[in-house]
Amino acid sequence: LAPIDREVVAGNKRCYTLRIAPYRTTENSIKVDLLGKVVSAMKGESGAPVGQAAENGFLLKPGVNDTTITVGLKEPKKWSIDAPYLYHFVLSLSERGNIVSAASARFGFREFHVRNSKFYLNGEEIYLFGENIPSVTYGGHGLSTAEEEKKLEKYILGCRNLGYVMLRNAHMPIMPKALEVADECGMMMFN
């Protein structure tokens, strides 16, 4: 199963447009059941489900297949710099009751826009006080993934403690883990 290709948000619903690659090489089409679930990604809530949708009998053809699953959520908790609430979207493909492939993506609900030269996050005006994150400092220095994550978390939380709400990734790509850690710490990233 390919990762989630594109996301679209509409109101209180999050609709994922998915590109699904076949889970095995076959010349025949097969029928599978799709199950899309949204669960809490927050520690202490142990993957509490908050919504799901299913499509039974989806015809999976050889090659790339497109479909849409819409999971409606009642009053989803929004991600903010003070309360970075996150969810997981989990998609599974089943054939005759057995899960044969699955993929997941983590996300947060947030709405942002600029009005009259002011930035708004979830309807609240936010002053974009930020700093550059030195991307060359992370990755490729012989540290384990856990050590890199801890180093990133220390830097990002240090910036949050100084009052920064946004980090700019200047000049070079940063390791993708930095975006995940920033999401968890309530830090916006200008990537």
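## A pair of strands

Let's start with two neighbours in the chain: strand β6, covering residues 87–95, and strand β7, covering residues 98–107, run antiparallel and are joined by nine bridges. Within this pairing, S94 sits opposite I99 of β7. The two strands make a hairpin, with two residues between them.

## The chain as a whole

Keep in mind that this is a predicted model. Its secondary structure consists of two helices and 13 strands. The chain has 191 residues, and 37% of them count as buried.

How much of the contact count comes from residues 24 or more positions apart? Taking the contacts with a separation of 6 or more, such residues account for 60%.

## The largest pocket

Now turn to the empty space. Rolling a probe the size of a water molecule over the atoms shows where such space is left. In this model the largest pocket has a volume of about 360 Å³. Its lining is made up of 15 residues. Nearest the centre of the pocket lie R110, D183, M187, M188 and M189.

Which elements supply at least two residues each to this lining? They are β9 (118–121), α2 (176–185) and β13 (188–190). Helix α2 gives the largest share, with five residues. Sorted by class, the lining of the largest pocket holds eleven nonpolar and four charged residues, and no polar ones.

## Salt bridges across the chain

The model has seven salt bridges. One of them joins E111 to K78, with the closest N and O atoms 3.8 Å apart. This pair links distant parts of the chain: E111 is in the loop between β7 and β8 (112–115), while K78 is in the loop between β5 (65–72) and β6, and the two are 33 residues apart. E111 has a relative accessible area of 44% and is partly exposed. K78 is also classed as partly exposed, at 39% relative accessibility.

A salt bridge also forms between R106 and E184, where the closest N and O atoms are 2.7 Å apart. Because R106 belongs to strand β7 and E184 to helix α2, the pair ties together parts that are 78 residues apart in sequence. R106 is partly exposed, with a relative accessible area of 26%, and E184 is partly exposed too, at 36%.

## Where the two helices meet

What joins the side chains of E149 and K177? They meet in a salt bridge, with a distance of 3.5 Å from N to O. E149 is in helix α1 (residues 145–161) and K177 is in helix α2, so this pair ties together parts that are 28 residues apart in sequence.

Are E149 and K177 buried, exposed or partly exposed? Buried means under 20% relative accessible area. E149 has a relative accessibility of 23%, so E149 counts as partly exposed. K177 has a relative accessible area of 23% and is likewise partly exposed. There is one more partner to find here: E180 is linked with E149 and K177 in a network of salt bridges.

How values were computed:
Residues numbered from 1 in each chain as written. Predicted model: local features only at pLDDT ≥ 70, side-chain atom pairs only at ≥ 80, totals over all residues. Heavy atoms only, no water. Pairing = 2+ DSSP bridges. Helix = DSSP H or I, 4+ residues; strand = E, 2+ residues; numbered from the N terminus. 1 Å grid on protein atoms, 1.4 Å probe; cavity = no way out; pocket = protein on both sides within 12 Å on 5 of 7 lines; lining within 4 Å. Points joined across faces, edges and corners; volume = space filled by probe spheres on them. Nonpolar A, V, L, I, M, F, W, Y, C, P; charged D, E, K, R; others polar. Salt bridge = Lys/Arg side-chain N within 4 Å of Asp/Glu carboxyl O. Buried < 20%, exposed > 50% of the residue type's maximum accessible area, 1.4 Å probe, protein only. Contact = heavy atoms within 4.5 Å.
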